[in-house]
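Try each task before you read its solution.

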Amino acid sequence: MSIIEVHGVRKAYGGRAVVDGVSFTVDEGEIFGILGPNGAGKTTTVECVEGLRTPDAGTVRVAGLDPVADRQEVTHLLGAQLQESELQPKLTVREALELYSAFYRHPADRDALAGRLGLDGHLDRRFAQLSGGQKQRLFIALALIGSPRVVVLDELTTGLDPRARRDTWRLIEEIRDGGVTVLLVTHFMEEARRLCDRIAVIDRGRVVAVDTPGGLIGAAPGSTVISFTPSQPLAHADLRALPGAVSAEVSGPGGRVVVQGTDETANAVITLLARHRITARHLRVTEAGLDDVFLDLTERAS
Ligand SMILES: Nc1ncnc2c1ncn2[C@@H]1O[C@H](COP(=O)(O)OP(=O)(O)OP(=O)(O)O)[C@@H](O)[C@H]1O
C-alpha cells in the first residue's frame, strides 16, 4: 500500500521549473531512494512531501493527507531530518531529545532511542562537540522521536568517513526493519544500491526512471555484458540482431564473443545457442554498476 503519493508536482522559481511534473509512489515499509545530480530538484521534491514547500501544481499525499493543508497531522506521522543550522550549538544531546519529544503526541522512549543510536554515552555532550557521525545519529534520533510512520533523510551520509557511513546505513536498515518507511535523498550510487528497495532517478526536475536497483541496471542498454567462446562460429548478424544488443564483437583465435545488452539479451543468447546446437565455453554474464546506469540515464535525458 502506498504511504506517499506524488502526482505531477511542479515547482518553479523565477519562471524556471526546478521540479517539472514529478510523480512517484512509495509503499509503506520500503526504503525509497531519490537519486540525481546536483540541482536536479531532489530536495525541492522532498520538501513538498514534508509540507515545507507548496507545489505550484500537482498533488502530494502522505497517508492520504495533504502535507500543506494538513500540516499539523502530517508532522505527527512524518519525521524529517533537521539541518545542522537548526540546532543550537550549546544544546546537549539530552536537552535536544527532551525538547523535540515535547512537540509530539506519542514520543518515542528517549532512553531506548538514544541507546539504539549509540548516543547513550554522549547525552551530556553539547551539539558543537559531537563528531560528524554523532551529529548525524542525533539528527536520525530527532527525526524518529515523534514515532513517525515515514522518515525523510536528505544527504545523510555526505561528509562522513566510510565507517560512519556504513554504521549509518545499518541504522537506516534497522529503521526500515522497525516498520518505518524511509524516503532517502542521496548522491551516492553505492548507498542507493545497498539500501533502497526502489529508486527514482531525477534529472532536471523530471523522473527519468523508477525501479529497483537491480531493475535499473538490468534494463539499461549495454548494462549486461555476455561473453563466451562458442563451439562453432556464430553469424555476426545473428548476434547484432539479438533483442537489446548494443554491440557484438568476435575476437581472438578462439572467436570469443562479447555482446553488450540487457537481461533480455542474455536470455536471447541462450536461445540462439540452443537453436544452433552450439555450446558455450567460459560463459560469463556481468553487470554494469549503478554509476554507469545513472550516467547513462541522465545523459540520455539531456
Ligand atoms: N528558494 C529557491 N529560490 C530559487 N531557486 C531555488 C530555490 N530553492 C532551490 N532552487 C534551485 O532549484 C534547483 C533545484 O534545487 P534542489 O535543492 O531541489 O536540487 P537538489 O537535486 O536537491 O540538488 P543538490 O543535490 O545539489 O542538493 C537548483 O537549481 C536550486 O538552485
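**Exercise 1.** Work out the strand order of the open three-stranded sheet and find which strands are its edges.

*Solution.* Start with the order: in this predicted model, the open sheet runs E2-E1-E4, with antiparallel pairing. Next, look for strands that pair on one side only: those are E2 (16-27) and E4 (57-62), the edge strands. Finally, check the twist, which averages 15° from one strand to the next.

**Exercise 2.** Which strands does helix H1 touch, and what angle does its direction make with that of E1?

*Solution.* Pick out H1 at residues 42-50, packed on the sheet. Its contacts reach E1, E2 and E4. Now compare directions: H1 and E1 make about 125°.

**Exercise 3.** Where in the protein is confidence lowest, and where is it highest?

*Solution.* Begin with the overall picture: the mean pLDDT is 91, and 99% of residues reach 70 or more. Then go element by element: H11 (residues 290-300) comes out lowest, with a mean of 74, while E4 is highest at 98. For the complex, the predictor gives an ipTM of 0.95 and a pTM of 0.82.

**Exercise 4.** What percentage of the protein's 302 residues count as buried?

*Solution.* Apply the cut-off of 20 or more other C-beta atoms within 10 Å of a residue's own. That gives 36% buried.

Key: Residues are numbered from 1 along each chain as its sequence is written. This is a predicted model: local features need pLDDT of at least 70, side-chain atom pairs count only at pLDDT 80 or more; totals for chains, interfaces and linings use all residues. Two strands pair if DSSP finds at least two bridges between them. Helices (H or I, at least four residues) and strands (E, at least two) are DSSP runs, numbered from the N terminus. Axes are lines fitted to C-alpha atoms, for helices over the stretch in contact, and angles run from 0 to 180 degrees between N-to-C directions. Two residues are in contact if their C-beta atoms, placed from the backbone, lie within 7 Å. pLDDT is the predictor's confidence in each residue, from 0 to 100. A residue is buried if 20 or more other C-beta atoms lie within 10 Å of its own, exposed if 12 or fewer, and partly exposed in between; C-beta atoms are placed from the backbone.
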